[in-house]
Amino acid sequence: MYTNLSFLLIISFAAFLSTLLGGLFALRLKDKLHLILGFSAGAVIGVAFFDLMPEALELAGETYSPLATTSIIALGFAFYLVLDRVVLSHTHTDETEKDEAGAHLRLGDVGAGTLSLHSLLDGIGIGLAFHVSPTMGSVVAVAVLAHDFSDGINTVNFVIKNKGDAKRAFKWLWVDALAPVLGIASTSFFSIPDQALGLLLALFAGFFLYIGASDLVPESHHTHPARWTTVATLLGMATLFLIIKLAS
């Protein structure tokens with residue numbers, strides 16, 4: 001138990017530091033935001049396809065059919081679509097400039113919050129895996145740490161892309177960096193059935209697919225040549241695939 005606690009403390013700090021460094025990297029290179037947005041889009045889509053979906057299907061598979069699990073993914077996509085286009089819509093022609101800016105900021109907060117909730121679930125996944133065995137916990141931790149850096153980049157980019165300033169982005173970066181730490185710590189007090197965790201991951205896969213494909217990809221080449229932003233997006237997807245493949 002003492003050994004597990006020591007590992008968890010080290011992993012918690014590593015997750016916090018990796019996320020924070022990724023966000024600081026994005027803040028430092030704001031002048032290359034279109035390329036970073038392109039990479040972030042690929043990374044977010046890569047997390048959905050290569051990490052969240054396989055995990056969701058595996059964890060929920062003993063209780064729910066693949067169709068049921070993929071339906072939850074579609075539900076997550078549809079929910080975020082409605083949230084973006086109806087609740088947080090910023091495309092109405094009768095909005096004042098101030099109202100439009102506020103809508104952008106709200107959308108940025110929702111996106112950053114979604115990414116932070118994903119980081120919280122990552123931490124919960126690490127903690128629950130250590131309940132099973134140190135070996136399983138270590139494997140899950142490596143997979144999570146591998147994409148924490150890109151999580152920090154994605155969180156900062158989503159806030160800045162939606163008219164947020166560096167101060168607002170930095171606040172959300174701290175939330176995202178602390179989220180896996182809180183997730184790991186929380187597993188000392190509860191446990192989640194694999195099937196329920198699988199459905200949660202499926203829901204977040206739908207969220208991430210919408211954020212990446214419908215928001216970050218179009219925004220990354222909105223006012224810039226599509227060639228290099230497309231390369232950056234493909235590089236983001238390939239990077240997450242390799243990271244997750246090596247970690248597994």
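Here is a tour of aromatic rings, a salt bridge and a charged patch.

A quick note before you click: this is a predicted model, in which local features need pLDDT of at least 70, side-chain atom pairs count only at pLDDT 80 or more, and totals for chains, interfaces and linings use all residues. Residues are numbered from 1 along each chain as its sequence is written, and side-chain values use heavy atoms, with hydrogens and water left out.

**Stop 1: the aromatic rings**

Select Phe77, Phe79, Tyr80, Phe204, Phe207 and Tyr210, and you have one aromatic cluster on screen. The structure holds 8 aromatic pairs. Rings of Phe, Tyr and Trp (its six-membered ring) pair if their centres lie within 6.5 Å; planes under 30 degrees apart are stacked, over 60 edge-to-face, and the rest tilted.

Phe77 sits in helix α3 (residues 66-87) and Tyr210 in helix α7 (residues 194-220), so the pair ties together parts 133 residues apart in sequence. (Helices are DSSP runs of H or I, at least four residues, numbered from the N terminus.)

Buried or exposed: what is Tyr210? Buried, at 1% relative accessibility, while Phe77 is partly exposed at 30%. Here buried means under 20% relative accessible area, exposed over 50%, and partly exposed in between (1.4 Å probe, protein chains only).

Slide over to Phe204 and Phe207, another edge-to-face pair, with 5.4 Å centre to centre and 65 degrees between the planes. They are 3 residues apart in helix α7, so about one helical turn separates them.

**Stop 2: the salt bridge**

Next, pick Arg168 and Asp109. Their side chains meet in a salt bridge, at 2.7 Å from N to O; the term means a side-chain nitrogen of Lys or Arg within 4 Å of a carboxyl oxygen of Asp or Glu. The structure holds 1 salt bridge. Arg168 lies in helix α6 (residues 166-186) and Asp109 in helix α4 (residues 97-132), so the pair ties together parts 59 residues apart in sequence. Arg168 is partly exposed at 29%, and Asp109 is partly exposed at 21%.

**Stop 3: the negative patch**

Finally, select Glu55, Glu58, Glu62 and Asp194, which form a negative surface patch. Such a patch joins like charges within 9 Å, using residues with over 30% relative accessible area and no salt bridge. Glu55 is in helix α2 (residues 33-60) and is partly exposed, with a relative accessible area of 35%.

Key:
Patch = residues over 30% accessible without salt bridge, like charges linked within 9 Å, V, L, I, M, F, W, Y side chains within 5 Å. Areas by Shrake-Rupley, 256 points an atom, 1.4 Å probe, with all protein chains shown as cover. Lys, Arg positive; Asp, Glu negative; His and termini not counted. Charge placed at Lys NZ, Arg CZ, Asp CG, Glu CD. Helix = DSSP H or I, 4+ residues; strand = E, 2+ residues; numbered from the N terminus.
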